[in-house]
Amino acid sequence: MKGYELKDNVLIIKRELTSLDLFVKDFLSILKKYSDYLVVSGYVSISTGRTRGTEDVDIIFPIMEKSLFSSLFEDLKKNNFWCYQGDNAEESYSYVKNLQSLRFARINEIFPNIEFIPFNKTKKAKLFEFSHPQIIKIKDFEFKIPPIEFEILYKEIILAGKKDIEDAKHLRTFFSDILKQEKFKEYEGVIRSELK
Amino acid sequence: MAKKIMTDLDYVEFYARELKKNNKLFKQQKRLIEAQITASSSLFKNAFGEKDFKAEARKYLKGIGSI
């Protein structure tokens, strides 16, 4: 059986869920009550079959008001997550306000963790990918990722480390049947603007 | 003629091509992920204990420059 299919514009990956997926699923089930989001970077490749280890899962979200963040923070704590940077919402919000990431893991664990990355409208590439989500589904776990072409170019042009180039190669090969050249052209300009 | 040695990138491409045709290969990936998570969990629980896990973890994370 093929590794994936594209049905009604949803990417369906034909595999069982892993503990890593369940960790992300639990985090997103809480986050979605408070904010929209996009899962980006390494987990996009891993969730589509790239066989490598990872320590963190990157999730971007639009910067939010303190009161909303406090509710999210308390809900995460209630559901057995802890934040590397602090135990109270007030001090943790100072990171969000300054567009710095927070990290959340399960109680009594360090890895895997969620790198929770705030962005605002000055971050053009993040805003673009956030506004053009691709839905992906593994069993009953549905979540949002960037367009695959965008993710490939971001890894090749911006991140460009060995791991990133390998992730991009995985995505280019695995999804070769559905990638669109016109999308690569469209997204390249957006991504290169990040370098300026 | 000498056989071409596969680079890491060649291997990634080969594996992705096979995975596209045959989803049974996902089982190997699941095994690797589960093994990594189990090993990491065991390592840090042993290192920090459960009583002061957060405090010890933060000391460690500060030490390696993660926070």
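Predicted model: local features only at pLDDT ≥ 70, side-chain atom pairs only at ≥ 80, totals over all residues.
The buried residues of helix H2 of chain B pack against helix H1 (19–31) of chain A, and I would like to begin there, with the helices taken as DSSP runs of H or I of at least four residues, the strands as runs of E of at least two, and both numbered from the N terminus. The buried residues in question are B:Phe26, B:Gln29 and B:Ile33, where buried stands for 20 or more other C-beta atoms within 10 Å of the residue's own, exposed for 12 or fewer, and partly exposed for what lies in between, with C-beta atoms placed from the backbone.

Residues are numbered from 1 along each chain as its sequence is written, and chains are lettered from A and ligands numbered from 1 in the order in which they are written.

Helix H2 of chain B has 23 residues and reaches 33 Å from its first C-alpha to its last, close to the 33 Å expected at 1.5 Å a residue, the expected span being 1.5 Å times one less than the number of residues. Just after this helix, B:Gly49 takes a positive phi of about 70°.

How many residues of chain B are in contact with chain A? There are 32, and they meet 26 residues of chain A, a contact being two residues whose C-beta atoms, placed from the backbone, lie within 7 Å. Helix H1 (8–21), helix H2 (26–48) and helix H3 (53–63) of chain B each supply at least two residues of the side that touches chain A, and H2 of chain B gives the most, with 13 residues. By class, this side of chain B has 14 nonpolar, seven polar and 11 charged residues, where Ala, Val, Leu, Ile, Met, Phe, Trp, Tyr, Cys and Pro count as nonpolar, Asp, Glu, Lys and Arg as charged, and the others, Gly among them, as polar.

Let me turn to chain A. Helix H1 of chain A lies across E3, strand E4 (56–62), E5, E6 and strand E7 (113–119) of chain A, and runs at about 115° to E6; axes here are lines fitted to C-alpha atoms, for helices over the stretch in contact, with angles from 0 to 180 degrees between N-to-C directions. These strands belong to an open sheet of five, in the order E3-E4-E7-E6-E5 and with mixed pairing, two strands being paired if DSSP finds at least two bridges between them. Its edge strands are E3 (38–40) and E5 (81–83) of chain A, each of which pairs on one side only. E5 is joined by three bridges to strand E6 (residues 102–106) of chain A, the two running antiparallel, and A:Phe81 stands opposite A:Arg106 in E6.

Chain A also has an open sheet of four strands, in the order E1-E2-E8-E9 and again with mixed pairing. Strand E1 (4–7) and strand E9 (141–145) of chain A stand at its edges with a single partner strand each, so one side of each has no neighbour in the sheet. E8 and E9 of chain A form a hairpin with two residues between them, and A:Lys139 in the turn has a positive phi of about 55°.

Leaving out residues up to four places away in sequence, A:Ile59 touches A:Tyr37, A:Val39, A:Ile114, A:Phe116 and A:Ile117.

I will finish with A:Lys2, which sits in the segment before E1 of chain A. Is A:Lys2 buried or exposed? A:Lys2 counts as exposed, because it has 11 C-beta neighbours inside 10 Å. Setting aside its neighbours within four places in sequence, A:Lys2 is in contact with A:Lys14, B:Lys20, B:Lys21 and B:Asn23.
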